[in-house]
Amino acid sequence: MEYQSSVIVELEHDGHLGLGEVTANAFYGLSVDQITASLIRAEAILDRYSNQRPDQVWDQMLAAVGSDRFAASALDMAAHDLFAQRHGIPTWQAWGLTWESPIESSYTIGIDSPDAMAANLLDHDGWNLYKIKLGTENDLTLVRRLREVTEAPFRVDANSGWTITHTNANSHE
């Protein structure tokens, strides 16, 4: 994939700007135009974010955007960001979270040939974790090849490429 079309949602109130984002997704049949149309349907409820917490507007927002969870996600992100901006705190604090033990980040290895994926991993040696993209007919070959070049743990992202049956059938390998 050379590019990904995105929809950026901006909610502004009293000089504060909340941002949300979502990408179009062919797998789920959602285009930028469809997401935008869903967001336009939510216009009537947007003023509620000026004096209510995003969780208080959630049900009305879902009713407005309909079944488009992608639009709902982007609007909800923007609403939570706006709420935090208006209160002068980071979003994680607005959610009541603490920053005691952040989750360690990983480097992502995209789907390619086994040797190209191994070379990519070696070019980014030194990470404690790698997220490996899978969802091909050759997933076990890919994992075995990557395991040859690192003992670091893998996070697997199969991009909806695995069914429960496929996963269970291959879990013994």
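Which residues in α2 meet which residues in α3? The legends below take up this question and then move on to other close-up views of this predicted model.

**View 1. The pairing of helices α2 and α3.** On the α2 side we find P54, W58, M61, L62 and V65, and they meet R69, A71, A72, L75, D76, A79, H80 and F83 in α3. Sorted by class, the residues of this contact come out as 10 nonpolar, 1 polar and 2 charged. The two axes cross at roughly 155° and come within 10 Å. Angles over 145 degrees count as roughly antiparallel, and α2 and α3 are therefore roughly antiparallel to each other. As for handedness, α2 passes α3 in a right-handed crossing.

**View 2. Helix α1 against helix α3.** Here we look at α1, residues 32-41, packing on α3, residues 69-86, at an angle of about 60° and with the axes 9 Å apart. That makes the two helices oblique to each other. The crossing of α1 with α3 is right-handed. From α1, the residues I35, S38 and L39 make the contact, and from α3 their partners are F70, A71 and L75. By class, this contact holds 5 nonpolar residues, 1 polar residue and no charged ones.

**View 3. The buried face of α1.** Which residues of α1 are buried? They are I35, S38 and L39. Looking down the axis of α1, you will find these buried residues within an arc of 100°, so they line one face of the helix. Packed against them are the strands β1 (6-13) and β2, together with the helices α2 (54-65) and α3.

**View 4. A closer look at L39.** This leucine sits in helix α1. Is L39 buried or exposed? With a relative accessible area of 16%, L39 is buried, as the cut-off for that label is under 20%. If we set aside neighbours within four places in sequence, L39 is in contact with V7, V9, A71 and L75. For L75, the chain separation from L39 is 36 residues, while the C-alpha atoms of the pair are 7.6 Å apart.

**View 5. N25 in its loop.** Now we turn to the loop between β2 (16-23) and α1, which is the place of N25. The relative accessible area of N25 is 19%, and this residue is buried. Not counting residues up to four places away in sequence, N25 touches L30 and F70.

**View 6. Helices α5 and α6 side by side.** How far apart are the axes of α5 and α6? They lie 9 Å apart, and the helices, residues 114-123 for α5 and residues 139-147 for α6, pack at an angle of about 35°. Their crossing is right-handed. P114, D115, M117, A118 and L121 of α5 make the contact with T141, L142, R145 and L146 of α6. The class count for this contact is 6 nonpolar, 1 polar and 2 charged residues.

**View 7. The buried face of α6.** Within α6, the residues D139, L142 and L146 are buried. Seen down the helix axis, the buried residues of α6 fall within an arc of 60°, so they line one face of the helix. The cover over these residues includes α5 as well as β4 (130-133) and β5 (154-157).

Methods. Residues numbered from 1 in each chain as written. Predicted model: local features only at pLDDT ≥ 70, side-chain atom pairs only at ≥ 80, totals over all residues. Heavy atoms only, no water. Axes fitted to C-alpha atoms, helices over the stretch in contact; angles between N-to-C directions. Helix = DSSP H or I, 4+ residues; strand = E, 2+ residues; numbered from the N terminus. Left-handed = near helix turned anticlockwise from the far one by under 90°. Contact = heavy atoms within 4.5 Å. Nonpolar A, V, L, I, M, F, W, Y, C, P; charged D, E, K, R; others polar. Parallel < 35°, antiparallel > 145°, perpendicular 65-115°, else oblique. Buried < 20%, exposed > 50% of the residue type's maximum accessible area, 1.4 Å probe, protein only. Arc of directions from axis to C-beta.
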